[in-house]
Amino acid sequence: MTEAVLPDWSEEIRTLYLSGAANQFILSGNINDRLYWPEAGSGGRFGSLHEFLLDRQLAKFDVILTYDVGAGLRVNAGGEKTFEQWPSARSTLHMPEKPRDVIGYVDHYLRYCCNLSRAKLDSPTSPDAATEVGGSEGKEEVKKHISVAVIIRSAQLVIPASRSGSGFELNAMASVVRSWASETHFLEHNLATFLLTDNLNDLNPLLVNNPRVVRVRVPLPTADELGPALETWSDRFKTALGGYSDDFSGPAAQLAGATLSSVESLLRTKEYAGEALSSADLAALKKELVEKDCQGLIEFIESGRSLDDVHGHEGVKAWIREDVALWEQGDLQAMPMGYLLCGPVGTGKTYMVECLAGEAGVPVVKFKNFRDKWVGSTEGNLETIFRLLEALGRCVVFIDEADQALGSRTAGTNDSGVSGRVYSMMAKEMSDTSNRGRILWILASSRPDLIEVDLKRPGRVDVKIPLFPTRTPAEGYGLIRALCGKHGLELPEAVSAEVALRVPTWITPGAAESLAIKVYRLVKTRGMLAEEALLACLEDYQAPVARDVMEFQIGLAAAEASDLSFVPEEFRVVSG
(Lines give C-alpha, C1' and ligand atoms only; values in the text may rest on other atoms or scores of the structure.)
Protein backbone atom coordinates (compact mmCIF):
# COMPACT_ATOMS: atom_id res chain seq x y z
CA MET A 1 0.00 0.00 0.00
CA THR A 2 1.54 3.32 -1.05
CA GLU A 3 1.36 6.32 1.20
CA ALA A 4 -1.11 9.00 0.15
CA VAL A 5 0.32 12.26 -1.11
CA LEU A 6 0.16 15.12 1.38
CA PRO A 7 -0.83 18.70 0.44
CA ASP A 8 2.04 20.84 -0.87
CA TRP A 9 2.24 22.96 2.28
CA SER A 10 2.35 19.82 4.42
CA GLU A 11 5.14 18.33 2.30
CA GLU A 12 7.06 21.58 2.72
CA ILE A 13 6.86 21.25 6.52
CA ARG A 14 7.89 17.59 6.37
CA THR A 15 10.93 18.31 4.18
CA LEU A 16 12.14 21.25 6.27
CA TYR A 17 11.76 19.34 9.53
CA LEU A 18 13.39 16.10 8.41
CA SER A 19 16.30 17.98 6.84
CA GLY A 20 16.89 19.84 10.09
CA ALA A 21 16.35 23.20 8.39
CA ALA A 22 13.52 24.25 10.72
CA ASN A 23 11.53 23.03 13.69
CA GLN A 24 9.07 25.89 14.26
CA PHE A 25 6.24 26.69 11.86
CA ILE A 26 3.62 29.44 11.79
CA LEU A 27 0.55 28.25 9.92
CA SER A 28 -1.74 31.03 8.72
CA GLY A 29 -4.48 31.51 6.17
CA ASN A 30 -7.26 28.99 5.73
CA ILE A 31 -6.63 27.30 9.08
CA ASN A 32 -10.22 27.18 10.33
CA ASP A 33 -11.60 25.40 7.29
CA ARG A 34 -12.40 21.73 6.90
CA LEU A 35 -9.55 19.95 5.13
CA TYR A 36 -9.66 17.03 2.77
CA TRP A 37 -6.73 14.70 2.36
CA PRO A 38 -6.45 11.45 0.43
CA GLU A 39 -5.66 8.26 2.27
CA ALA A 40 -4.27 5.19 0.59
CA GLY A 41 -6.90 2.52 0.08
CA SER A 42 -9.77 4.53 1.58
CA GLY A 43 -10.46 7.40 -0.80
CA GLY A 44 -10.09 10.38 1.48
CA ARG A 45 -10.91 11.95 4.81
CA PHE A 46 -12.32 15.26 6.03
CA GLY A 47 -11.21 16.93 9.23
CA SER A 48 -9.93 20.10 10.85
CA LEU A 49 -6.36 21.31 10.53
CA HIS A 50 -5.77 20.23 14.13
CA GLU A 51 -6.98 16.70 13.30
CA PHE A 52 -4.77 16.61 10.23
CA LEU A 53 -1.71 17.59 12.27
CA LEU A 54 -2.46 14.99 14.93
CA ASP A 55 -3.36 12.08 12.67
CA ARG A 56 -1.14 12.65 9.64
CA GLN A 57 1.58 15.25 10.06
CA LEU A 58 2.67 14.30 13.60
CA ALA A 59 1.50 10.69 13.86
CA LYS A 60 4.98 9.37 14.70
CA PHE A 61 5.73 11.77 17.56
CA ASP A 62 5.92 10.29 21.07
CA VAL A 63 4.25 13.26 22.79
CA ILE A 64 1.90 15.87 21.30
CA LEU A 65 0.84 18.83 23.44
CA THR A 66 -1.94 21.20 22.31
CA TYR A 67 -2.89 24.51 23.88
CA ASP A 68 -5.60 27.04 23.20
CA VAL A 69 -7.13 29.65 25.47
CA GLY A 70 -10.49 27.88 25.60
CA ALA A 71 -9.66 24.21 26.07
CA GLY A 72 -6.39 24.74 27.94
CA LEU A 73 -3.34 22.49 27.72
CA ARG A 74 -3.97 18.92 26.58
CA VAL A 75 -1.79 15.88 26.04
CA ASN A 76 -3.03 14.47 22.72
CA ALA A 77 -0.49 11.66 22.45
CA GLY A 78 1.95 9.91 24.79
CA GLY A 79 0.13 10.72 28.02
CA GLU A 80 0.52 7.86 30.49
CA LYS A 81 3.33 6.12 28.64
CA THR A 82 5.69 9.07 28.21
CA PHE A 83 4.54 12.51 29.37
CA GLU A 84 3.44 11.41 32.83
CA GLN A 85 6.88 9.92 33.50
CA TRP A 86 8.03 13.51 33.91
CA PRO A 87 8.24 14.13 37.67
CA SER A 88 6.61 17.55 37.43
CA ALA A 89 3.63 16.07 35.59
CA ARG A 90 3.11 13.49 38.33
CA SER A 91 3.32 16.14 41.06
CA THR A 92 0.96 18.61 39.35
CA LEU A 93 -2.66 18.30 40.43
CA HIS A 94 -4.05 20.50 37.64
CA MET A 95 -2.68 21.61 34.30
CA PRO A 96 -1.92 25.37 34.17
CA GLU A 97 -4.48 27.51 32.36
CA LYS A 98 -3.14 31.05 31.98
CA PRO A 99 -1.02 31.58 28.84
CA ARG A 100 2.18 32.60 30.60
CA ASP A 101 1.90 29.67 33.06
CA VAL A 102 1.28 27.23 30.20
CA ILE A 103 4.22 28.50 28.16
CA GLY A 104 6.50 28.20 31.18
CA TYR A 105 5.18 24.70 31.97
CA VAL A 106 5.74 23.47 28.41
CA ASP A 107 9.19 25.06 28.30
CA HIS A 108 10.07 23.24 31.53
CA TYR A 109 9.00 19.92 30.01
CA LEU A 110 10.92 20.48 26.77
CA ARG A 111 14.08 21.31 28.69
CA TYR A 112 13.56 18.19 30.81
CA CYS A 113 13.38 16.05 27.64
CA CYS A 114 16.54 17.65 26.26
CA ASN A 115 18.43 17.21 29.53
CA LEU A 116 17.24 13.61 29.87
CA SER A 117 18.46 12.75 26.39
CA ARG A 118 21.77 14.47 26.97
CA ALA A 119 22.28 12.68 30.31
CA LYS A 120 21.70 9.28 28.70
CA LEU A 121 24.06 9.96 25.83
CA ASP A 122 26.78 11.38 28.09
CA SER A 123 26.74 8.51 30.61
CA PRO A 124 29.04 5.63 29.49
CA THR A 125 28.44 3.82 32.80
CA SER A 126 24.70 3.66 32.31
CA PRO A 127 23.60 0.00 31.97
CA ASP A 128 21.49 0.99 28.96
CA ALA A 129 24.10 3.27 27.40
CA ALA A 130 25.21 0.85 24.70
CA THR A 131 21.65 0.14 23.71
CA GLU A 132 20.77 3.82 23.64
CA VAL A 133 23.75 4.80 21.49
CA GLY A 134 23.58 1.93 19.04
CA GLY A 135 22.71 -1.28 20.81
CA SER A 136 23.91 -4.81 20.34
CA GLU A 137 22.55 -6.98 17.62
CA GLY A 138 19.24 -8.57 18.45
CA LYS A 139 18.28 -6.00 21.11
CA GLU A 140 15.46 -3.51 20.65
CA GLU A 141 16.95 -0.04 20.24
CA VAL A 142 16.03 2.43 22.96
CA LYS A 143 15.24 5.93 21.67
CA LYS A 144 17.84 8.53 22.37
CA HIS A 145 15.24 11.31 22.27
CA ILE A 146 11.61 11.68 23.18
CA SER A 147 10.08 13.34 20.13
CA VAL A 148 7.74 16.15 21.15
CA ALA A 149 5.35 18.31 19.10
CA VAL A 150 3.69 21.42 20.52
CA ILE A 151 0.65 22.98 18.84
CA ILE A 152 -0.59 26.42 19.95
CA ARG A 153 -4.02 27.00 18.44
CA SER A 154 -5.33 30.55 17.91
CA ALA A 155 -1.83 31.73 18.72
CA GLN A 156 -2.87 35.31 18.02
CA LEU A 157 -5.02 35.15 21.17
CA VAL A 158 -2.23 33.66 23.26
CA ILE A 159 0.64 35.90 22.11
CA PRO A 160 -1.01 38.70 20.11
CA ALA A 161 0.74 41.55 18.32
CA SER A 162 -0.27 44.06 20.95
CA ARG A 163 -2.47 44.38 23.96
CA SER A 164 -2.64 47.54 26.02
CA GLY A 165 -0.75 47.34 29.32
CA SER A 166 0.65 43.82 28.83
CA GLY A 167 3.56 44.33 26.46
CA PHE A 168 6.17 42.94 28.86
CA GLU A 169 4.27 39.72 29.52
CA LEU A 170 3.55 39.16 25.83
CA ASN A 171 7.17 39.73 24.87
CA ALA A 172 8.30 37.41 27.65
CA MET A 173 6.09 34.59 26.32
CA ALA A 174 7.16 35.31 22.74
CA SER A 175 10.79 35.15 23.79
CA VAL A 176 10.34 31.71 25.36
CA VAL A 177 8.51 30.29 22.32
CA ARG A 178 11.10 31.88 20.04
CA SER A 179 13.86 30.08 21.95
CA TRP A 180 12.36 26.71 20.96
CA ALA A 181 13.43 27.46 17.37
CA SER A 182 16.87 28.92 18.09
CA GLU A 183 18.57 27.30 21.11
CA THR A 184 20.98 24.52 20.14
CA HIS A 185 19.67 21.84 22.50
CA PHE A 186 16.16 22.28 21.08
CA LEU A 187 17.43 22.12 17.50
CA GLU A 188 19.29 18.88 18.24
CA HIS A 189 16.22 17.38 19.91
CA ASN A 190 13.24 15.87 18.10
CA LEU A 191 11.05 18.94 18.72
CA ALA A 192 8.49 20.56 16.40
CA THR A 193 6.32 23.54 17.31
CA PHE A 194 3.31 24.83 15.41
CA LEU A 195 1.67 28.23 15.89
CA LEU A 196 -1.74 28.51 14.23
CA THR A 197 -3.04 32.00 13.45
CA ASP A 198 -5.57 33.40 10.99
CA ASN A 199 -3.28 36.26 9.96
CA LEU A 200 0.43 36.81 10.49
CA ASN A 201 -0.12 40.44 11.43
CA ASP A 202 -2.23 39.40 14.42
CA LEU A 203 0.68 37.49 15.97
CA ASN A 204 3.52 38.95 18.07
CA PRO A 205 6.24 40.24 15.69
CA LEU A 206 9.00 38.63 17.79
CA LEU A 207 7.66 35.31 16.51
CA VAL A 208 6.62 36.30 13.01
CA ASN A 209 9.94 38.01 12.22
CA ASN A 210 12.13 35.29 13.71
CA PRO A 211 14.53 34.20 10.92
CA ARG A 212 14.48 30.65 12.33
CA VAL A 213 10.72 30.26 11.92
CA VAL A 214 9.03 29.13 8.71
CA ARG A 215 5.80 30.88 7.75
CA VAL A 216 3.46 28.49 5.96
CA ARG A 217 0.24 29.64 4.32
CA VAL A 218 -2.58 27.11 4.24
CA PRO A 219 -4.38 28.05 1.00
CA LEU A 220 -8.04 28.04 0.11
CA PRO A 221 -8.98 24.88 -1.78
CA THR A 222 -8.20 24.91 -5.48
CA ALA A 223 -10.23 23.24 -8.22
CA ASP A 224 -7.81 20.29 -8.17
CA GLU A 225 -8.47 19.79 -4.45
CA LEU A 226 -12.22 20.37 -4.62
CA GLY A 227 -12.73 17.76 -7.35
CA PRO A 228 -11.74 14.73 -5.21
CA ALA A 229 -13.63 16.19 -2.23
CA LEU A 230 -16.84 16.49 -4.28
CA GLU A 231 -16.34 12.96 -5.56
CA THR A 232 -16.03 11.68 -1.99
CA TRP A 233 -19.19 13.60 -1.05
CA SER A 234 -21.16 12.24 -4.02
CA ASP A 235 -22.32 9.16 -2.10
CA ARG A 236 -23.47 11.31 0.80
CA PHE A 237 -25.18 14.06 -1.21
CA LYS A 238 -26.72 12.01 -3.98
CA THR A 239 -29.40 14.54 -4.87
CA ALA A 240 -27.30 17.70 -4.65
CA LEU A 241 -24.47 16.23 -6.77
CA GLY A 242 -26.57 13.86 -8.84
CA GLY A 243 -26.34 15.93 -12.00
CA TYR A 244 -22.59 15.55 -12.41
CA SER A 245 -22.17 11.80 -12.74
CA ASP A 246 -18.46 11.06 -12.26
CA ASP A 247 -17.06 14.36 -13.59
CA PHE A 248 -16.78 17.04 -10.90
CA SER A 249 -14.23 19.24 -12.65
CA GLY A 250 -16.88 21.76 -13.69
CA PRO A 251 -18.36 22.57 -10.28
CA ALA A 252 -14.90 22.32 -8.70
CA ALA A 253 -13.56 25.01 -11.04
CA GLN A 254 -16.51 27.32 -10.40
CA LEU A 255 -16.40 26.86 -6.61
CA ALA A 256 -12.63 27.31 -6.28
CA GLY A 257 -11.92 30.02 -3.73
CA ALA A 258 -14.78 29.10 -1.40
CA THR A 259 -13.90 27.26 1.79
CA LEU A 260 -14.59 23.56 2.01
CA SER A 261 -16.79 24.21 5.05
CA SER A 262 -19.02 26.60 3.09
CA VAL A 263 -19.25 24.20 0.16
CA GLU A 264 -20.28 21.40 2.52
CA SER A 265 -22.88 23.67 4.11
CA LEU A 266 -24.23 24.47 0.66
CA LEU A 267 -24.48 20.78 -0.25
CA ARG A 268 -26.25 19.98 3.01
CA THR A 269 -28.82 22.71 2.31
CA LYS A 270 -29.38 21.52 -1.27
CA GLU A 271 -29.67 17.90 -0.19
CA TYR A 272 -32.21 18.75 2.52
CA ALA A 273 -34.27 20.76 0.03
CA GLY A 274 -34.08 17.93 -2.49
CA GLU A 275 -32.49 20.22 -5.09
CA ALA A 276 -29.69 19.39 -7.49
CA LEU A 277 -26.70 21.69 -7.76
CA SER A 278 -26.67 22.99 -11.33
CA SER A 279 -24.03 24.83 -13.31
CA ALA A 280 -26.49 27.68 -13.84
CA ASP A 281 -26.51 28.70 -10.20
CA LEU A 282 -22.85 27.95 -9.32
CA ALA A 283 -21.65 31.49 -10.09
CA ALA A 284 -24.22 33.06 -7.78
CA LEU A 285 -23.51 30.49 -5.10
CA LYS A 286 -19.76 31.07 -5.38
CA LYS A 287 -20.27 34.82 -4.95
CA GLU A 288 -22.41 34.29 -1.86
CA LEU A 289 -19.97 31.81 -0.32
CA VAL A 290 -16.87 33.90 -0.96
CA GLU A 291 -18.42 37.12 0.34
CA LYS A 292 -19.52 35.30 3.47
CA ASP A 293 -16.07 33.80 4.02
CA CYS A 294 -14.43 37.19 3.51
CA GLN A 295 -16.49 38.78 6.31
CA GLY A 296 -17.76 41.77 4.35
CA LEU A 297 -14.29 42.97 3.30
CA ILE A 298 -15.07 42.70 -0.42
CA GLU A 299 -18.05 42.66 -2.73
CA PHE A 300 -18.56 41.38 -6.25
CA ILE A 301 -19.58 43.88 -8.89
CA GLU A 302 -22.25 42.37 -11.10
CA SER A 303 -23.23 44.24 -14.20
CA GLY A 304 -25.41 43.69 -17.22
CA ARG A 305 -23.69 46.60 -18.94
CA SER A 306 -20.83 46.63 -21.41
CA LEU A 307 -18.47 49.30 -22.70
CA ASP A 308 -21.14 50.12 -25.29
CA ASP A 309 -23.01 51.81 -22.44
CA VAL A 310 -20.18 54.30 -21.88
CA HIS A 311 -20.88 57.53 -23.76
CA GLY A 312 -17.79 58.86 -25.55
CA HIS A 313 -14.21 57.93 -24.57
CA GLU A 314 -13.85 55.96 -27.79
CA GLY A 315 -10.06 55.70 -27.62
CA VAL A 316 -10.17 54.46 -24.04
CA LYS A 317 -12.83 51.84 -24.83
CA ALA A 318 -10.85 50.58 -27.81
CA TRP A 319 -7.72 50.15 -25.68
CA ILE A 320 -9.57 48.27 -22.93
CA ARG A 321 -11.28 46.00 -25.46
CA GLU A 322 -7.90 45.10 -26.96
CA ASP A 323 -6.65 44.10 -23.50
CA VAL A 324 -9.78 42.04 -22.84
CA ALA A 325 -9.25 40.26 -26.17
CA LEU A 326 -5.64 39.42 -25.23
CA TRP A 327 -6.86 38.12 -21.88
CA GLU A 328 -9.48 35.89 -23.51
CA GLN A 329 -6.88 34.51 -25.94
CA GLY A 330 -4.46 33.73 -23.12
CA ASP A 331 -1.79 36.01 -24.63
CA LEU A 332 -0.59 37.63 -21.42
CA GLN A 333 2.76 39.16 -22.37
CA ALA A 334 1.17 42.49 -23.29
CA MET A 335 -1.48 42.37 -20.54
CA PRO A 336 -1.11 45.24 -18.06
CA MET A 337 -0.69 44.52 -14.37
CA GLY A 338 -3.15 47.30 -13.61
CA TYR A 339 -5.05 50.43 -14.66
CA LEU A 340 -5.33 53.79 -12.99
CA LEU A 341 -8.59 55.59 -13.79
CA CYS A 342 -8.28 59.25 -12.90
CA GLY A 343 -10.27 62.37 -13.59
CA PRO A 344 -12.51 64.94 -11.92
CA VAL A 345 -15.28 63.93 -9.55
CA GLY A 346 -18.28 62.56 -11.47
CA THR A 347 -16.49 61.57 -14.69
CA GLY A 348 -17.71 57.97 -14.44
CA LYS A 349 -14.70 56.06 -13.13
CA THR A 350 -16.80 53.59 -11.13
CA TYR A 351 -19.30 53.31 -13.97
CA MET A 352 -16.45 52.47 -16.37
CA VAL A 353 -15.44 49.58 -14.09
CA GLU A 354 -19.04 48.33 -13.93
CA CYS A 355 -19.17 48.30 -17.72
CA LEU A 356 -15.81 46.52 -17.86
CA ALA A 357 -17.22 43.90 -15.48
CA GLY A 358 -19.93 43.08 -17.99
CA GLU A 359 -17.47 43.12 -20.89
CA ALA A 360 -14.65 41.02 -19.43
CA GLY A 361 -16.69 38.04 -18.23
CA VAL A 362 -14.51 37.50 -15.14
CA PRO A 363 -15.30 38.22 -11.46
CA VAL A 364 -14.82 41.88 -10.54
CA VAL A 365 -14.07 42.34 -6.85
CA LYS A 366 -14.29 45.67 -5.05
CA PHE A 367 -12.43 46.42 -1.83
CA LYS A 368 -14.77 47.61 0.89
CA ASN A 369 -13.59 49.31 4.06
CA PHE A 370 -10.85 46.95 5.27
CA ARG A 371 -9.41 49.48 7.72
CA ASP A 372 -10.05 48.84 11.41
CA LYS A 373 -9.41 50.79 14.59
CA TRP A 374 -7.71 47.87 16.35
CA VAL A 375 -3.95 47.53 16.05
CA GLY A 376 -3.08 44.82 13.52
CA SER A 377 -6.67 44.31 12.36
CA THR A 378 -6.28 46.34 9.18
CA GLU A 379 -3.25 44.34 8.10
CA GLY A 380 -5.04 41.13 9.05
CA ASN A 381 -8.01 42.11 6.90
CA LEU A 382 -5.70 42.68 3.94
CA GLU A 383 -4.16 39.24 4.45
CA THR A 384 -7.65 37.74 4.33
CA ILE A 385 -8.42 39.57 1.07
CA PHE A 386 -5.15 38.51 -0.56
CA ARG A 387 -5.79 34.93 0.47
CA LEU A 388 -9.14 35.03 -1.33
CA LEU A 389 -7.70 36.60 -4.48
CA GLU A 390 -5.08 33.86 -4.64
CA ALA A 391 -7.78 31.23 -5.03
CA LEU A 392 -10.25 33.13 -7.24
CA GLY A 393 -8.41 32.57 -10.49
CA ARG A 394 -8.77 35.31 -13.10
CA CYS A 395 -10.40 38.41 -11.65
CA VAL A 396 -10.40 42.19 -11.66
CA VAL A 397 -9.72 43.95 -8.36
CA PHE A 398 -11.20 47.45 -8.07
CA ILE A 399 -10.00 49.91 -5.44
CA ASP A 400 -12.04 53.11 -5.39
CA GLU A 401 -10.70 56.29 -3.76
CA ALA A 402 -7.26 54.71 -4.04
CA ASP A 403 -5.54 57.80 -2.68
CA GLN A 404 -7.23 57.11 0.67
CA ALA A 405 -7.27 53.29 0.65
CA LEU A 406 -3.71 52.42 -0.32
CA GLY A 407 -1.78 54.14 2.46
CA SER A 408 1.52 55.95 2.08
CA ARG A 409 5.20 55.12 2.33
CA THR A 410 5.65 57.58 5.21
CA ALA A 411 3.50 56.47 8.13
CA GLY A 412 1.60 59.23 9.88
CA THR A 413 2.05 59.88 13.58
CA ASN A 414 -1.67 59.49 14.24
CA ASP A 415 -2.23 55.99 12.83
CA SER A 416 0.42 53.91 14.65
CA GLY A 417 2.15 53.17 11.35
CA VAL A 418 -0.89 51.44 9.80
CA SER A 419 -0.74 53.54 6.62
CA GLY A 420 2.86 52.59 6.00
CA ARG A 421 2.21 48.89 6.54
CA VAL A 422 -0.83 48.96 4.23
CA TYR A 423 1.32 50.65 1.58
CA SER A 424 4.02 48.00 1.94
CA MET A 425 1.56 45.09 1.70
CA MET A 426 -0.23 46.57 -1.33
CA ALA A 427 3.04 47.37 -3.11
CA LYS A 428 4.26 43.81 -2.66
CA GLU A 429 1.02 42.24 -3.85
CA MET A 430 0.56 44.52 -6.86
CA SER A 431 4.10 43.91 -8.14
CA ASP A 432 3.90 40.11 -7.99
CA THR A 433 4.57 39.19 -11.63
CA SER A 434 2.97 35.78 -11.15
CA ASN A 435 -0.35 37.68 -11.02
CA ARG A 436 -0.01 39.02 -14.58
CA GLY A 437 -3.01 37.75 -16.49
CA ARG A 438 -4.55 36.40 -13.29
CA ILE A 439 -5.32 39.59 -11.36
CA LEU A 440 -5.94 42.93 -13.06
CA TRP A 441 -5.76 45.81 -10.58
CA ILE A 442 -7.88 48.90 -11.24
CA LEU A 443 -7.34 51.98 -9.08
CA ALA A 444 -9.65 54.97 -9.28
CA SER A 445 -9.03 58.44 -7.90
CA SER A 446 -9.76 62.10 -8.59
CA ARG A 447 -6.50 62.92 -6.77
CA PRO A 448 -3.89 60.65 -8.36
CA ASP A 449 -1.17 63.00 -7.10
CA LEU A 450 -1.86 61.68 -3.58
CA ILE A 451 -1.17 58.06 -4.57
CA GLU A 452 2.43 57.05 -3.85
CA VAL A 453 4.54 57.17 -7.02
CA ASP A 454 5.81 53.62 -6.45
CA LEU A 455 2.26 52.24 -6.41
CA LYS A 456 1.39 53.70 -9.81
CA ARG A 457 4.66 52.95 -11.60
CA PRO A 458 4.86 50.50 -14.55
CA GLY A 459 4.96 46.96 -13.22
CA ARG A 460 2.10 47.74 -10.85
CA VAL A 461 -0.02 50.14 -12.91
CA ASP A 462 0.96 49.99 -16.57
CA VAL A 463 -1.89 51.99 -18.09
CA LYS A 464 -3.14 55.30 -16.70
CA ILE A 465 -6.43 56.34 -18.22
CA PRO A 466 -7.78 59.87 -17.71
CA LEU A 467 -11.53 60.48 -17.92
CA PHE A 468 -12.63 64.01 -18.71
CA PRO A 469 -15.85 66.05 -18.79
CA THR A 470 -17.37 67.09 -22.11
CA ARG A 471 -15.49 69.78 -24.03
CA THR A 472 -18.24 71.51 -26.03
CA PRO A 473 -21.97 72.26 -25.66
CA ALA A 474 -22.67 69.72 -28.42
CA GLU A 475 -20.82 66.98 -26.51
CA GLY A 476 -22.61 67.98 -23.31
CA TYR A 477 -26.00 67.86 -25.00
CA GLY A 478 -25.21 64.44 -26.51
CA LEU A 479 -24.39 63.12 -23.03
CA ILE A 480 -27.57 64.58 -21.49
CA ARG A 481 -29.65 63.25 -24.37
CA ALA A 482 -28.21 59.74 -23.96
CA LEU A 483 -28.97 59.70 -20.23
CA CYS A 484 -32.48 61.11 -20.74
CA GLY A 485 -33.06 58.30 -23.22
CA LYS A 486 -32.39 55.76 -20.44
CA HIS A 487 -35.30 57.34 -18.56
CA GLY A 488 -37.60 57.05 -21.58
CA LEU A 489 -37.31 60.72 -22.58
CA GLU A 490 -36.73 61.67 -26.21
CA LEU A 491 -34.74 64.78 -27.09
CA PRO A 492 -34.02 65.95 -30.66
CA GLU A 493 -30.81 64.51 -32.08
CA ALA A 494 -29.49 67.94 -33.08
CA VAL A 495 -29.01 70.49 -30.34
CA SER A 496 -31.00 73.67 -30.82
CA ALA A 497 -29.28 77.06 -30.66
CA GLU A 498 -31.24 77.99 -27.51
CA VAL A 499 -30.19 74.81 -25.68
CA ALA A 500 -26.59 75.07 -26.93
CA LEU A 501 -26.27 78.51 -25.33
CA ARG A 502 -27.18 77.10 -21.92
CA VAL A 503 -25.33 73.75 -21.87
CA PRO A 504 -22.17 74.09 -19.75
CA THR A 505 -18.83 73.55 -21.48
CA TRP A 506 -17.57 71.06 -18.89
CA ILE A 507 -20.19 68.59 -17.77
CA THR A 508 -19.52 65.19 -16.23
CA PRO A 509 -21.64 62.04 -16.52
CA GLY A 510 -22.54 62.47 -12.85
CA ALA A 511 -23.82 66.00 -13.42
CA ALA A 512 -25.59 64.96 -16.64
CA GLU A 513 -27.35 62.11 -14.81
CA SER A 514 -28.56 64.57 -12.19
CA LEU A 515 -29.92 66.85 -14.93
CA ALA A 516 -31.65 63.93 -16.67
CA ILE A 517 -33.46 63.02 -13.43
CA LYS A 518 -34.58 66.64 -12.98
CA VAL A 519 -35.87 66.70 -16.56
CA TYR A 520 -37.77 63.47 -15.95
CA ARG A 521 -39.26 64.92 -12.78
CA LEU A 522 -40.55 68.04 -14.58
CA VAL A 523 -41.99 65.96 -17.41
CA LYS A 524 -43.87 63.76 -14.97
CA THR A 525 -45.00 66.36 -12.45
CA ARG A 526 -45.71 69.35 -14.68
CA GLY A 527 -46.52 67.76 -18.01
CA MET A 528 -43.70 69.59 -19.80
CA LEU A 529 -42.09 68.44 -23.04
CA ALA A 530 -38.62 66.96 -22.60
CA GLU A 531 -36.78 69.80 -24.41
CA GLU A 532 -38.83 72.42 -22.53
CA ALA A 533 -38.00 70.73 -19.23
CA LEU A 534 -34.30 70.63 -20.15
CA LEU A 535 -34.27 74.37 -20.88
CA ALA A 536 -35.90 75.01 -17.49
CA CYS A 537 -33.29 72.87 -15.71
CA LEU A 538 -30.40 74.56 -17.51
CA GLU A 539 -31.77 78.00 -16.64
CA ASP A 540 -30.84 77.66 -12.98
CA TYR A 541 -28.08 75.05 -13.38
CA GLN A 542 -25.13 75.28 -11.03
CA ALA A 543 -22.15 72.98 -11.48
CA PRO A 544 -21.72 70.53 -8.58
CA VAL A 545 -17.95 71.07 -8.63
CA ALA A 546 -16.38 74.53 -8.62
CA ARG A 547 -14.67 75.55 -11.85
CA ASP A 548 -11.23 75.96 -10.28
CA VAL A 549 -11.45 72.52 -8.63
CA MET A 550 -12.54 70.97 -11.93
CA GLU A 551 -9.67 72.66 -13.76
CA PHE A 552 -7.19 71.43 -11.16
CA GLN A 553 -8.40 67.84 -11.35
CA ILE A 554 -8.42 67.90 -15.16
CA GLY A 555 -4.81 69.00 -15.06
CA LEU A 556 -3.88 66.17 -12.70
CA ALA A 557 -5.59 63.56 -14.89
CA ALA A 558 -3.96 64.86 -18.07
CA ALA A 559 -0.53 64.84 -16.44
CA GLU A 560 -0.97 61.23 -15.27
CA ALA A 561 -2.02 59.81 -18.65
CA SER A 562 0.27 57.02 -19.83
CA ASP A 563 -0.55 57.84 -23.46
CA LEU A 564 -1.21 61.33 -24.82
CA SER A 565 -3.76 59.91 -27.24
CA PHE A 566 -6.06 59.63 -24.21
CA VAL A 567 -5.91 63.42 -23.70
CA PRO A 568 -7.89 65.74 -26.01
CA GLU A 569 -5.95 68.75 -27.27
CA GLU A 570 -8.00 71.20 -25.18
CA PHE A 571 -7.09 69.46 -21.95
CA ARG A 572 -3.42 69.25 -22.78
CA VAL A 573 -3.49 73.03 -22.56
CA VAL A 574 -5.24 72.87 -19.18
CA SER A 575 -2.56 70.55 -17.82
CA GLY A 576 0.15 72.97 -18.89
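**Aromatic pairs and an open sheet**

Phe 83, Trp 86, Tyr 105, Tyr 109 and Tyr 112 are linked into a cluster by ring pairs. Rings of Phe, Tyr and Trp (its six-membered ring) pair if their centres lie within 6.5 Å; planes under 30 degrees apart count as stacked, over 60 as edge-to-face and the rest as tilted. The structure is a predicted model, in which local features need pLDDT of at least 70 and side-chain atom pairs count only at pLDDT 80 or more, while totals for chains, interfaces and linings use all residues. Residues are numbered from 1 along each chain as its sequence is written, and side-chain values use heavy atoms, with hydrogens and water left out.

In the whole structure, a search finds 17 aromatic pairs. The rings of Tyr 36 and Phe 46 have centres 4.9 Å apart and planes at 50°, so this pair is tilted. Tyr 36 belongs to strand E2 (residues 35-38) and Phe 46 to strand E3 (residues 44-47), 10 residues apart. Helices (H or I, at least four residues) and strands (E, at least two) are DSSP runs, numbered from the N terminus. Both Tyr 36 and Phe 46 are buried, where buried means under 20% relative accessible area, exposed over 50%, and partly exposed in between (1.4 Å probe, protein chains only).

An edge-to-face pair is formed by Trp 319 and Phe 566, with 5.3 Å centre to centre and 70° between the planes. Because Trp 319 lies in helix H14 and Phe 566 in the loop between helix H23 (547-560) and helix H24 (569-575), the pair ties together parts that are 247 residues apart in sequence. Trp 319 is partly exposed, at a relative accessible area of 29%, whereas Phe 566 is buried, at 7%.

Helix H14 (residues 314-329) also lies across E10, strand E12 (395-399), E13 and E14, and runs at about 145° to E14. Contact here means heavy atoms within 4.5 Å; axes are lines fitted to C-alpha atoms, for helices over the stretch in contact, and angles run from 0 to 180 degrees between N-to-C directions.

An open sheet of 6 strands has the order E9-E11-E12-E13-E10-E14, with mixed pairing. Strand E9 (298-300) and strand E14 (463-466) stand at the edges with a single partner strand each, so one side of each has no neighbour in the sheet. Two strands pair if DSSP finds at least two bridges between them. Strands E10 (residues 338-342) and E13 (residues 439-445) run parallel, joined by 5 bridges; Leu 341 has Ala 444 in E13 as its bridge partner.
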